[in-house]
There are 2 protein chains.
Amino acid sequence: MNAIMSALAEPNRLNIVELLRDGPRPVGEISNRLRLRQPQVSKHLRVLSDAGIVEVQPVANLRIYKLRPQPFQELDAWLDSFRRVWEERFDRLDDYLHELQEQEKKDGNKE
Amino acid sequence: MNAIMSALAEPNRLNIVELLRDGPRPVGEISNRLRLRQPQVSKHLRVLSDAGIVEVQPVANLRIYKLRPQPFQELDAWLDSFRRVWEERFDRLDDYLHELQEQEKKDGNKE
DNA sequence: AGATTTGTCAACAATTGGGTTGAATATGGC
DNA sequence: GCCATATTCAACCCAATTGTTGACAAATCT
């Protein structure tokens with residue numbers, strides 16, 4: 001999960017991913033569209049590849065990169081565990097304060 | 001979007017967010033549970049706060065932090081734009097190769 | 001008011017990470 | 001086999017970020 005996040009945290013990499021959303025692209029085209037130098041794109045693609053976000057498919061002397069579904073599914077699952085944070089109004093501040101009071105009662109009895 | 005990602009990219013911050021998923025917590029408790037020093041937690045909470053991921057609510061001498069729904073909604077919306085990448089089998093490599101051939105035809109005619 | 005607890009701020013050292021350059025590898029066409 | 005194209009690799013510099021320490025601010029309790 002963390003690997004995915006840190007890979008997507010870099011702006012250029014996020015742009016690359018959003019570009020690849022429209023379909024597979026070779027390095028050169030990514031480089032042109034995003035106005036980045038090729039070695040830079042290669043480096044970023046390497047990071048994305050290590051994170052399992054993209055995969056390569058060589059065609060002639062081109063290396064065509066495309067998105068892999070898995071990390072997006074993972075991200076979705078992770079996000080799902082936060083659903084109640086925003087679907088229910090999930091404050092729970094009161095809950096915490098009550099817990100705190102309970103705790104103080106116990107501590108008070110002990111000492 | 002990028003602000004959210006970079007905030008969540010740091011492992012400790014991700015842990016903090018996952019801890020807060022279960023409800024609001026004061027800095028000290030976060031510090032204890034995650035075995036981090038308080039200034040470090042404060043610093044990370046600052047980053048999360050700047051990204052709009054958490055908000056504070058002072059109670060007595062405690063500062064209780066909790067998650068804000070918005071960034072999670074944004075993340076969900078962003079992820080949604082990638083749905084077809086993994087719901088439909090979204091290869092499109094052939095599409096790209098055909099585009100490429102069309103392009104070559106045009107170039108060939110020009111020169 | 002004084003002592004204690006909770007938390008932030010400021011400054012510093014150490015690490016990480018991005019960008020650039022130049023050389024190296026692989027493929028296709030002549 | 002040789003040249004052009006597409007891409008990666010390695011080494012370097014620079015900027016941003018993390019973690020630590022010590023001082024500081026606010027609230028609580030006696």
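User: Which residues lie closest to DNA strand C, and how many surround it?

Analyst: A residue is near a strand if its C-beta atom, placed from the backbone, lies within 6 Å of it. Here, 19 residues surround DNA strand C, and the closest are Ala60(A), Pro26(B), Gly28(B), Pro39(B) and Ser42(B). Before you go on, note that this is a predicted model: local features need pLDDT of at least 70, side-chain atom pairs count only at pLDDT 80 or more, and totals for chains, interfaces and linings use all residues. Residues are numbered from 1 along each chain as its sequence is written, while chains are lettered from A and ligands numbered from 1 in the order in which they are written.

User: Which element gives the most to the surface near DNA strand C?

Analyst: Elements are DSSP runs numbered from the N terminus: helices (H or I, at least four residues) and strands (E, at least two). In this model H4(B) gives the most, with 5 residues. Helix H4 (38-50) of chain A supplies at least two residues, as do helix H3 (27-34), helix H4 (38-50) and S3 of chain B.

User: How many residues of each class are on that surface near DNA strand C?

Analyst: Ala, Val, Leu, Ile, Met, Phe, Trp, Tyr, Cys and Pro count as nonpolar, Asp, Glu, Lys and Arg as charged, and the others, Gly among them, as polar. The surface near DNA strand C divides into 7 nonpolar, 7 polar and 5 charged residues.

User: And what surrounds DNA strand D?

Analyst: There are 18 residues around DNA strand D, the closest being Pro26(A), Gly28(A), Pro39(A), Ser42(A) and Ala60(B). On this surface H4(A) gives the most, with 5 residues. The classes here are 7 nonpolar, 7 polar and 4 charged.

User: At what angle do H3(B) and H4(B) pack?

Analyst: Axes are lines fitted to C-alpha atoms, for helices over the stretch in contact, and angles run from 0 to 180 degrees between N-to-C directions. H3(B) and H4(B) pack at about 115 degrees, with their axes 9 Å apart. These two helices are therefore roughly perpendicular to each other (under 35 degrees is roughly parallel, over 145 roughly antiparallel, 65 to 115 roughly perpendicular and the rest oblique).

User: How many residues of chain B touch chain A?

Analyst: Two residues are in contact if their C-beta atoms, placed from the backbone, lie within 7 Å. By that rule, 31 residues of chain B are in contact with 31 residues of chain A. The chain B side has 19 nonpolar, 6 polar and 6 charged residues.
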